[in-house]
Amino acid sequence: MALVSADSRIAELLTELHQLIKQTQEERSRSEHNLVNIQKTHERMQTENKISPYYRTKLRGLYTTAKADAEAECNILRKALDKIAEIKSLLEERRIAAKIAGLYNDSEPPRKTMRRGVLMTLLQQSAMTLPLWIGKPGDKPPPLCGAIPASGDYVAKPGDKVAARVKAVDGDEQWILAEVVSYSHATNKYEVDDIDEEGKERHTLSRRRIIPLPQWKANPETDPEALFQKEQLVLALYPQTTCFYRALIHTPPQRPQDDYSVLFEDTSYADGYSPPLNVAQRFSMRHKSYFIPEAVIRLVSHHSLCSDFSEHS
């Protein structure tokens, strides 16, 4: 019944979203005439080579109207983004409900393990579709936007993706990509599933062994303070794996769609660090240690010089 209710609500939201998209186009078409008038007025001023009181007054009125039109369009777009966020939330709730139902349904055969190539594609899509934080003027990015960590009392919800510190088969500890199953306030412990095992490997972990993943991308053009900076130590998901490793930020994103360029700790390389590799904001998190030795800083500078040299060779 819950799944049917979610489907019905999703259908309603999609209809509302469609209407908002139409309103956006109508608002944009309506404001186009005013923008053309602004351009033509500037062209006349250049032709006459003077700024008369008439043109000054006219432009002030045109720009006031243009500002109001832009704010109206912005408000419609924000409503559309809210609808999209609600749809994504309902889809995630439906997925979790279906997963739980499958776990307790003995009449159906067990699901096949997801092929690794499919899993990697899904992780890439998850990184690409992570929403961009778009605040109003004066708003500060919230926790879990880009490099901003979760608040101290934050509890990840079922279905949330996290980095989880678990013991490997050989006894060593590692950070893996996992999905939250539940959280017990009585024991302050999470139950999480290894994302790479389709629920076969479940771990019970304390809060200090869990790091929530970012829920929004930070925009480098408007909120650069919400991004990790060059030479900062992070935990990053190694490409084509589901494990997190220590890495240094080589280059932060320059545009909203850009990834970080990072240097992973890797003893197979002579200098102890990999060549620069791209990692999405979705899978880059603050590491507990912030101290970076001077030798490592020189190493990052060396990589930068080598990259510059290669580009100009």
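Is His250 buried or exposed? His250 is buried, at a relative accessible area of 7% (buried means under 20%, exposed over 50%, partly exposed in between, with a 1.4 Å probe and protein chains only). This is a predicted model, where local features need pLDDT of at least 70 and side-chain atom pairs count only at pLDDT 80 or more, while totals for chains, interfaces and linings use all residues. Residues are numbered from 1 along each chain as its sequence is written, and side-chain values use heavy atoms, leaving out hydrogens and water.

**View 1. His250 and its neighbour Thr251.** Take a look at strand β7 (residues 243-251), where His250 sits; strands are DSSP runs of E with at least two residues, and helices are runs of H or I with at least four, numbered from the N terminus.

**View 2. Trp133 and Trp216, an edge-to-face pair.** The structure holds 6 aromatic pairs (ring centres of Phe, Tyr or the six-membered ring of Trp within 6.5 Å; planes under 30 degrees apart are stacked, over 60 edge-to-face, the rest tilted). Here the ring centres are 5.9 Å apart and the planes meet at 70°. Trp133 lies in the loop between α3 (116-128) and β1 (161-167), and Trp216 in the loop between β5 (210-212) and β6 (233-237), 83 residues apart. Trp216 is partly exposed, at 25% relative accessibility.

**View 3. Phe228 and Tyr260, a tilted pair.** Their centres are 5.8 Å apart, with 45° between the planes. Phe228 belongs to the loop between β5 and β6, Tyr260 to strand β8 (residues 260-264), 32 residues apart. Both residues, Phe228 and Tyr260, are buried.

Notes:
Polar contact = N/O pair within 3.5 Å; in protein donor to acceptor, adjacent residues only side chain to side chain.
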